[in-house]
Amino acid sequence: MKYVFDTSSVIVLLEICALKEQLRAFSAKHSLYVSSKVREEFMDGRKTDREALNIFSVVQPILNKDLLAYFNHKTSSGEFWTISYGCSGGDCICVLDDGFGRNLCQFLNIKYTGSIGIINEMKNEGFLSRKDLLEIRGKIRNSNFYLSKTLLDRLDEICFQ
Amino acid sequence: MTEILDYGLDSPARGLLVLILSIADRTKQKAMNKLHFQKAIYYFENLKSEKEVFFSNFKYGGVSFELMENMETLEESGLVRRVGTKYILTTKGEQLAEQLRKSADYKSDTLRKLEYAKFLLNDLTDKELLFFMYMTFPETQVNSIEFKNLIEDKRAYVEKLFAKGRIDSTTAGEWLGMEPRHFLETLSTCDQK
């Protein structure tokens, strides 16, 4: 599979869940991308592990003019870059946690998942143990980083099913 | 086609009103109040980057008297009826909306953008909607009587709009004068965990 990640999902997976090594293993089976804009946003973080981002291939998407209107004609949003790449053909799935981007993908019939969906994939493919999942759940719930209640409930399902 | 012309639905303002009332929002509601149809059509015109309806900046931001007059005409013509403060299409109105959808005047991309405007805005409260519109289109703040009240609770409105998926973290950060990442890290989550 091919996945293009938005900034918040990279933060959740790399920084909050500390899944660098597991993601590296996952990347041997799947193509993981971030846009240059998302890379820039991620690098702004104070605690950023810059080397970890090497797991992802950095791409420069052709910015989709039709999509731009949905972002109030501004190119400043990392999500705009992520979704532009996701809908440029090539069968790539957008990885987004923000409700706005997820709603927009749903509305425009663009394939998407989120960081919790990726955790589920990693679990299904044997990259995460039950112990890992419980640790991940604790880290996400103890962090200050926002994830919607729906996504947190989905995480519980994944951990306890 | 004759009926579309008979009812004057070839005029953009009137045609758009009939079409937008025929669309179900994310809560499956078709009814719209005055504020919501005005703002949804304003947003739609910005989305398609083509102005066909005239708006002026008034007490509640961008408002179109052209839309209001046409809504009254549609009501008098029996295509729309009012239930409380909300407007809904009559059976005849629904039939004509269906004809309009099939007409060459409305391309699928145009209809999709109109659907999105309603999908994005119709279930917001009046205050959330006004805040969203004032912030998205700052030029509409000029003669506002509400903006100064709403801005006092800026943080709360931004959080609500973000949590409802109506703005992204970049927009939320811009409106609050902080980096998107900082916004996500400071967003109150105690009610969720």
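Two residues are in contact here if their C-beta atoms, placed from the backbone, lie within 7 Å. The structure is a predicted model.

## Chain A overall

Chain A contains 9 helices and 5 strands. Read from the N terminus, its elements follow the order β-α-α-β-α-β-α-α-β-α-β-α-α-α. The radius of gyration of chain A is 15 Å, close to the 15 Å given by the globule rule for 161 residues, so the chain is as compact as a globular protein of that length.

The C-alpha trace of chain A spans about 45 × 30 × 30 Å along its principal axes. Of the 161 residues in chain A, 43% are buried. Among the contacts in chain A with a separation of 6 or more, 64% are between residues 24 or more positions apart.

## Where chain A meets chain B

In the interface, 24 residues of chain A are in contact with 22 residues of chain B. On the chain A side, the elements that give two or more residues are α5 (78-86), α6 (99-108) and α9 (149-160). The most come from α6(A), which gives 6 residues. By type, the chain A residues that touch chain B divide into 6 nonpolar, 11 polar and 7 charged.

## Helix α6 of chain A

The buried residues in α6(A) are G99(A), F100(A), G101(A), R102(A), L104(A) and C105(A). Their cover includes α5, β4 (92-95) and β5 (112-113) of chain A, together with α9 (154-163) of chain B. After α6(A) comes N109(A), which has a positive phi, near 60°.

## Helix α6 of chain B

Helix α6 of chain B covers residues 108-121. At 1.5 Å a residue, its 14 residues should span 20 Å, and its end C-alpha atoms are 20 Å apart, which agrees.

Buried residues in α6(B) are K113(B), L114(B), Y116(B), A117(B), K118(B), F119(B), L120(B) and L121(B). What covers them includes α6 of chain A, along with α2 (12-21), α3 (34-47) and α7 of chain B.

## M133 in helix α7 of chain B

M133(B) belongs to helix α7 of chain B, residues 126-136. The cut-off for a buried residue is 20 or more other C-beta atoms within 10 Å of its own. M133(B) is buried because 25 other C-beta atoms lie within 10 Å.

Leaving aside residues up to four places away in sequence, M133(B) touches K39(B), Y42(B), G61(B), G62(B) and T140(B). M178(B) is 45 residues from M133(B) in sequence, and their C-alpha atoms are 20 Å apart in space.

## The sheet of chain B and its helices

Chain B has an open sheet of 3 strands in the order β1-β5-β4, with antiparallel pairing. Its edge strands are β1 (32-33) and β4 (80-83), each of which pairs on one side only. Strands β4(B) and β5(B) (residues 86-89) run antiparallel and are joined by 4 bridges. One bridge pairs R81(B) with I88(B) in β5(B).

Helix α2(B) packs on this sheet and touches β1, β4 and β5 of chain B. The direction of α2(B) makes about 90° with that of β5(B). Helix α4 of chain B (residues 65-76) lies across β4 and β5 of chain B, and runs at about 100° to β4(B).

How values were computed. Residues are numbered from 1 along each chain as its sequence is written. Chains are lettered from A and ligands numbered from 1 in the order in which they are written. This is a predicted model: local features need pLDDT of at least 70, side-chain atom pairs count only at pLDDT 80 or more; totals for chains, interfaces and linings use all residues. Ala, Val, Leu, Ile, Met, Phe, Trp, Tyr, Cys and Pro count as nonpolar, Asp, Glu, Lys and Arg as charged, and the others, Gly among them, as polar. The radius of gyration is taken over C-alpha atoms; the globule rule is 2.2 Å times the number of residues to the power 0.38. A residue is buried if 20 or more other C-beta atoms lie within 10 Å of its own, exposed if 12 or fewer, and partly exposed in between; C-beta atoms are placed from the backbone. The expected span of a helix is 1.5 Å times one less than its number of residues. Two strands pair if DSSP finds at least two bridges between them. Axes are lines fitted to C-alpha atoms, for helices over the stretch in contact, and angles run from 0 to 180 degrees between N-to-C directions.
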